[in-house]
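The following note sets out points for a colleague who is examining this model.

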Amino acid sequence: MISLKVYNSLTRNKETFKPLVDGYVGMYVCGPTVSGESHLGHARPYITFDVVYRYLTHLGLKVRYVRNITDAGHFEEEGRVAEDKIATKAVLEKLEPMELVQKYTNLFHWAMLQFNNIPPNIEPTATGHIVEQITMIEKIIADGFAYVVNGSVYFDVNKYHQVFSKKGLPYGILSGRNLEEQLDTTRDLDNQDEKKNKADFALWKKAPPEHIMRWNSPWGKGFPGWHIECSAMATKYLGTQFDIHGGGMDLQFPHHECEIAQSSVCNHIAPVRYWMHNNMITINGRKMGKSYNNVIKLTELFDGTHPLLAQAYHPMTIRFFILQSHYRSTLDFSNEALQASEKALKRLWEAYENLQKISVENNIATDTALDEKINKQIAEFTTFIEDDFNTAKVLANMFEIVPVINAIKNKQLPVNTISSKTIALLQQQFKLFIEDILGLQHQAAHQEKLAGILQLLIDLRKEAKAKKDFVVSDKIRNELAALGILLKDEKDGSVSWSFT
RNA sequence: GGUCCUGUGGCCGAGUGGCUAGGCAGAGCUCUGCAAAAGCUUCUACACCAGUUCGAAUCUGGUCGGGACCUCCA
């Protein structure tokens, strides 16, 4: 029996999670558009849903986690004919579109690895599923919910709304919008004229001659519309209805709303049971996004090259920073906040390492009140994570336990203050939550420090050699060798080192 | 114009009717050759106004501020 509660954007309620098929979970998360580098904002959904994936897996569920790669940019730019984002940039950078796509896909994968995100089980690409998308569009046309104009195909939102409202699936069910109330942003665009109604959205777009990415279709050469890829790939790999669909809140409308419409027409069933949306990362209170020109790229974050950054931040610091807030709240970025996270994570990690070193004997607690309190706090790890993944509260509880761990380690508290049973439980639960569920990992940032330490030893050895104190110089070299570090006196007088 | 979210102490950020959030920063103490670390103690809060209530940061109404979406966007 699962007692996990998740907030469902569709019902705007926390609901007890119940998989469609006992023991299995289908989860689809909107992946990146690989037309550029990922920024801090992008880190959030993938870390958030990584924790979701990890926790569901921990519950013993067999999760199929699908996260797409959008490698066919397709959107409209104001005042111009439809054009392909990726193709445009490719020209600027003098790259093949697929070369560009590969470059940013690789970079994305690298960043995900840095964050210790577990790769999805299936990572389908939009360009690899053109056939499925065309098939889906054909079905929608056959059912009368889409129309062809001049080589493009549009979804008939009004008709959908009329027919599917009766089935409890009005257009706007997810985002809570009324078609009539929307701001009229229609401008004098060629392709806007093609639409019967301004709310209609493209399923397939005719490719203008300069458009590099193009595929044959029953309607001529073109490329898929904005929203169809996710519907096609989710259906293919997770079935006509699946458990969880995740993504950023900014995708709720129109992207996810359109997915519901397309899939409902095609498969005669609403596609998703639980819609989960993470909130935005803001900077000076404003959403981080390309259009606001306020993004901090992940590479800039990791090496500290952005003007707003006082230093480089380790990916684990970013992960921790994100997990310290609830995923449905906005999270405001600042240098100060990241520095706080860096220190906090260090404190947590050191306590965790100290904890694992405490040897468990067979004590009975001398302070039963404290012992009980800690047991309660451990139990709450589960309570909190099951309350819509409240990672902030899980971490807060851990920090409440940290002083006790440190005090025992420093012998400021005797080890038998709390029972050995409690210590063993602590060791096990800290490991489970910190490493397995929150996915925090030991920082590899020590590498730089190690280099500094070795340089110091090399300098000390050099001084000893200069004084012909070979006892000391040999001691340094030999003991380092015993530790697996080889010092090499180069011909030019410099000293290098390597691991043996 | 519509839909929705939000306003917590120096900073970040939990919390949704009574009970310590937590982290970072600040102060004091203990420990300490010095420093650091660590432990203990501690100061700054719940935008404003009104209402409901025995009791509100938490519910209701209003005011003001910030934001998201309605266009690609995590």
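1. A residue is called buried when its relative accessible area is under 20%, exposed when it is over 50%, and partly exposed in between. By that cut-off C266 is buried, since its relative accessible area is 5%. C258 also falls in the buried class, at a relative accessible area of 1%. The model under discussion is a predicted one.

2. As to the overall picture, chain A has 500 residues, of which 50% count as buried. Its secondary structure comprises 16 helices and 15 strands. Taken along the principal axes, the box filled by the C-alpha atoms of chain A is roughly 85 × 65 × 40 Å.

3. How many disulfides does the structure hold? The count is zero. A disulfide requires two cysteine sulfur atoms within 2.5 Å. For C258, the closest cysteine sulfur belongs to C230 and is 11 Å away, which is too far for a bond. For C266, the closest cysteine sulfur is that of C258, at 14 Å, and this too is too far for a bond.

4. The lining of the largest cavity consists of R44, T48, V51, V52, I322, L323, S325, Y327, F389 and T391. Sorted by class, these are six nonpolar, three polar and one charged residues. Two elements, helix 1 (40-58) and helix 10 (315-323), each supply at least two residues of this lining. Helix 1 gives the most, with four residues.

5. Why does the largest cavity lie between domain 1 (5-278) and domain 2 (286-437)? The reason is that both domains give residues to its lining. The domain bounds used here come from an automatic or database domain assignment.

6. The second largest cavity is lined by E37, S38, L107, F108, W110, A111, L298 and T299. Helix 3 (97-114) and helix 9 (298-303) are the elements that give two or more residues to this lining. Helix 3 gives the most, with four residues. By class, the lining of the second largest cavity has five nonpolar, two polar and one charged residues.

7. H306 sits in the loop between helix 9 and helix 10. Is this histidine buried or exposed? At 14% relative accessibility, H306 counts as buried. The side chain of H306 also reaches the backbone nitrogen of L308, at 3.0 Å.

8. L59 is found in the loop between helix 1 and strand 4 (62-67). With a relative accessibility of 32%, L59 counts as partly exposed. The C-alpha atom of L59 is separated by 8.0 Å from that of I2, although the two residues are 57 residues apart along the chain.

Methods
Residues are numbered from 1 along each chain as its sequence is written. Chains are lettered from A and ligands numbered from 1 in the order in which they are written. This is a predicted model: local features need pLDDT of at least 70, side-chain atom pairs count only at pLDDT 80 or more; totals for chains, interfaces and linings use all residues. Side-chain values use heavy atoms; hydrogens and water are left out. On a 1 Å grid over the protein atoms alone, a cavity is a set of points where a 1.4 Å probe fits but cannot get out, and a pocket is an open set with protein on both sides within 12 Å along at least five of seven lines; lining residues have an atom within 4 Å of a point. Ala, Val, Leu, Ile, Met, Phe, Trp, Tyr, Cys and Pro count as nonpolar, Asp, Glu, Lys and Arg as charged, and the others, Gly among them, as polar. Buried means under 20% relative accessible area, exposed over 50%, partly exposed in between (1.4 Å probe, protein chains only). A polar contact is a pair of N or O atoms within 3.5 Å; within protein, one must be able to donate a hydrogen and the other to accept it, and residues adjacent in sequence count only if both atoms are side-chain atoms.
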